[in-house]
Every structure is written in C-alpha cells, then in structure tokens.
Amino acid sequence: MAYETINLDVDDHIALITLNRPDALNALNDVLMGELADALKGAQENEKVRCIVITGSEKAFAAGADISMMKDKSFVDVFSGDLFTPETDQIMRVRKPIIAAVSGYALGGGCELAMMCDFIIASETAKFGQPEINLGVVAGIGGTQRLTRLVGKSKAMDMNLTGRFMDAEEAERAGLVSRVVPVKKLMDEAMGAAAKIAEKSMITVMVVKEAVNRAYEVPLREGLLFERRAFHSLFATEDQKEGMAAFVEKREAQFRDR
C-alpha cells in the first residue's frame, strides 16, 4: 500500500517506518497518525516482520502535533471525535517490539510517539520536549503520564510546566532513551538492534514486552508473579528446549517460534 505521509520498507524481518512530512517537520496530523496506525497493524499481522523501527529525518523525528490542524477545533470537535485515541490505541496493541530512532526534534506529540515505542535510540542532536503549555493546552497522548514514569516527577513537571527541551545526553541520564549515538550511525544502530531482536524467539520476545510493560501497571508483588508465571509458561515451548540445548552444546540457537 502506498502512503502519503510515511514510507514503509520491510526487509530482513524488519519493518522500517519513516515519517515523511518534511515541510512540516513530520508534525503529526490525522492523516499521518492514521497511516502510521495502519502500517503498524499491517506489520503486526505480517508473519515476516519480527521487529519494527520508527524514525523521521535528521532534522526532526516529529516536531509535535500539527497545530494548523487543531487550532480551529472546539472541545466538542476533539471530544466527540476522540482526537488521537483510535490511532494511539492501535499503536499500543502492537505486540512486536517497536524501536524509535530519534534525531533532531521530538517535541510534543513527537516525544509522546517516541515514548509509545518500546525503547528509544537517539542521535546526539536529539531534543525532547513537551511544550504544549506554550499553546495553552496540556500534553494529550502521554506527555504527563509516560514521561513521569520514565524520568520521574521533578523532570516531568519541569518539562511540562516550562516547556524546556531535554537534549540527548540528559535524556539518556534521565532514562528516557536507551543509548545515544552519532547522527550518521543512528540508523545502523537502530537496525542492528532490530536485527538482533529478530533473531530471537518471537514468542519469548512478545512475553518480554508484556512483562516489562506490566511493571508500569501493577504493584511490584503482582508484577513479580506475572513475570514468574511467564517464565514458567515458556517451558512449554519448543524454543525453550532449543535455546537451552544450544547453550549447553555451545552453538547458535535455531528458534522456530513454537
């Protein structure tokens, strides 16, 4: 399927989704969000895809939600239409790992989209922020909730109340991103990580994603129980037998997703 605001390439079990609204610094409008949700749904359903990478340009991952699309809408418009909810719900339904490869601006909705991914690899030029307060609104797709869980109350309050940007070095220190690399190496690093994930048992990969995400939803005791039962359940798979046999026999495991 041809898209208007994103590019989709599937190769070597990796779906690479590139946001493509260069004139608007990849600002998120209803078309882009709809196409992104559709591409992610397709990647989830495509048996050949084992990992997903979302990226933008060197200048901007996504500079925010599209203000020109929103400025004339009323409360009734955005509430009755449930602005951004169907698309973000679809993103969160994806069970395969999603890596955000971020260079340049990831602001407002762009920062929130990156945080919806399973982890973020950033270039040295990346800048994160939730500047919605400058527009007279609050973040609407996770900027007060996911950001607080990732970097803590103080930094989340600072960013949401002042609108200041966080550079890549601070973002790594704060736990927002997993690693920072030179701009020219960003896609090699992200695709390399995706390739490594694609080698694993897809059953185990999806269980790991569920278990880590569970940590943000339940108390520690319940999370530990969920993790332990997930660990126990994987002993019913052929991949567990193969993985442990390969380790003992000092060879590469050949997982079959069974």
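Q: Is Gln240 buried or exposed?
A: This is a predicted model. Gln240 is found in helix 12, residues 238-248. Buried means under 20% relative accessible area. Gln240 has a relative accessible area of 13%, so Gln240 is buried.

Q: Which residues is Gln240 in contact with, leaving aside its neighbours within four places in sequence?
A: One partner is a sequence neighbour: the side chain of Gln240 makes a polar contact with the side chain of Lys241 at 2.5 Å. That neighbour is left aside here. Beyond four places in sequence, the contacts of Gln240 are Leu234 and Phe235.

Q: Within what arc do the buried residues of helix 12 fall, seen down its axis?
A: The buried residues of helix 12 are Asp239, Gln240, Glu242 and Ala246. They line one face of the helix, because seen down the axis of helix 12 they fall within an arc of 165 degrees.

Q: Which helix do the buried residues of helix 12 pack against?
A: The buried residues in question are Asp239, Gln240, Glu242 and Ala246. Their packing partner spans residues 202-214 and is helix 10.

Q: Which residue follows helix 12, and what is its phi?
A: Helix 12 covers residues 238-248. The residue that follows helix 12 is Lys250. The phi of Lys250 is positive, near 55 degrees.

Q: Which parts of the chain does the salt bridge of Lys209 and Asp118 tie together?
A: The side chains of Lys209 and Asp118 meet at 2.9 Å, N to O. The two parts are 91 residues apart in sequence. Lys209 lies in helix 10 and Asp118 in a loop, so the pair ties together helix 10 and the loop between helix 5 (109-116) and strand 7 (119-123).

Q: How many residues apart in sequence are the parts tied together by Glu170 and Lys155?
A: The side chains of Glu170 and Lys155 meet in a salt bridge at 2.7 Å, N to O. Glu170 lies in helix 8 (residues 168-174) and Lys155 in helix 7 (residues 153-162), so the pair ties together parts whose separation in sequence is 15 residues.

Q: Which residues are linked with Lys155 and Glu170 in a network of salt bridges?
A: Glu170 is buried, with a relative accessible area of 11%. Lys155 is partly exposed, at 27%. The network links Lys155 and Glu170 with Asp158 and Arg164.

Q: Where do Glu189 and Arg179 lie?
A: The side chains of Glu189 and Arg179 meet in a salt bridge at 2.9 Å, N to O. Glu189 is partly exposed at 29% relative accessibility, and Arg179 is partly exposed with a relative accessible area of 30%. The two residues are 10 apart. Glu189 lies in helix 9 (residues 186-198) and Arg179 in strand 10 (residues 179-181).

Q: What are the plane angle and the class of the Phe75 and Phe79 pair?
A: The structure holds three aromatic pairs. In this one the ring centres are 5.2 Å apart. Planes under 30 degrees apart count as stacked. The planes of Phe75 and Phe79 are at 15 degrees, so the pair is stacked.

Q: Is Phe79 buried or exposed?
A: Phe75 and Phe79 both lie in helix 3 (residues 75-80), four residues apart, about one turn of the helix. Phe75 is exposed, with a relative accessible area of 60%. The relative accessible area of Phe79 is 59%, so Phe79 is exposed.

Q: What are the plane angle and the class of the Tyr105 and Phe165 pair?
A: The ring centres of Tyr105 and Phe165 are 6.4 Å apart. Planes over 60 degrees apart count as edge-to-face. The planes of Tyr105 and Phe165 are at 70 degrees, so the pair is edge-to-face.

Q: Which strands hold Tyr105 and Phe165?
A: Tyr105 is partly exposed at 32%, and Phe165 is partly exposed at 37%. The pair ties together parts that are 60 residues apart in sequence, because Tyr105 lies in strand 6 (residues 105-107) and Phe165 in strand 9 (residues 165-167).

Q: Where does the largest share of the largest nonpolar core come from?
A: The largest nonpolar core has 47 residues. Those with the most contacts inside this core include Leu40, Ile52 and Phe128. The largest share, six residues, comes from helix 1 (residues 30-45).

Definitions and conventions. Residues are numbered from 1 along each chain as its sequence is written. This is a predicted model: local features need pLDDT of at least 70, side-chain atom pairs count only at pLDDT 80 or more; totals for chains, interfaces and linings use all residues. Side-chain values use heavy atoms; hydrogens and water are left out. Rings of Phe, Tyr and Trp (its six-membered ring) pair if their centres lie within 6.5 Å; planes under 30 degrees apart count as stacked, over 60 as edge-to-face and the rest as tilted. Buried means under 20% relative accessible area, exposed over 50%, partly exposed in between (1.4 Å probe, protein chains only). A polar contact is a pair of N or O atoms within 3.5 Å; within protein, one must be able to donate a hydrogen and the other to accept it, and residues adjacent in sequence count only if both atoms are side-chain atoms. Contact means heavy atoms within 4.5 Å. The arc is that of the directions from the helix axis to the C-beta atoms. A nonpolar core is a set of buried Ala, Val, Leu, Ile, Met, Phe, Trp, Tyr and Cys residues joined through side-chain atoms within 4.5 Å. A salt bridge is a side-chain nitrogen of Lys or Arg within 4 Å of a carboxyl oxygen of Asp or Glu.
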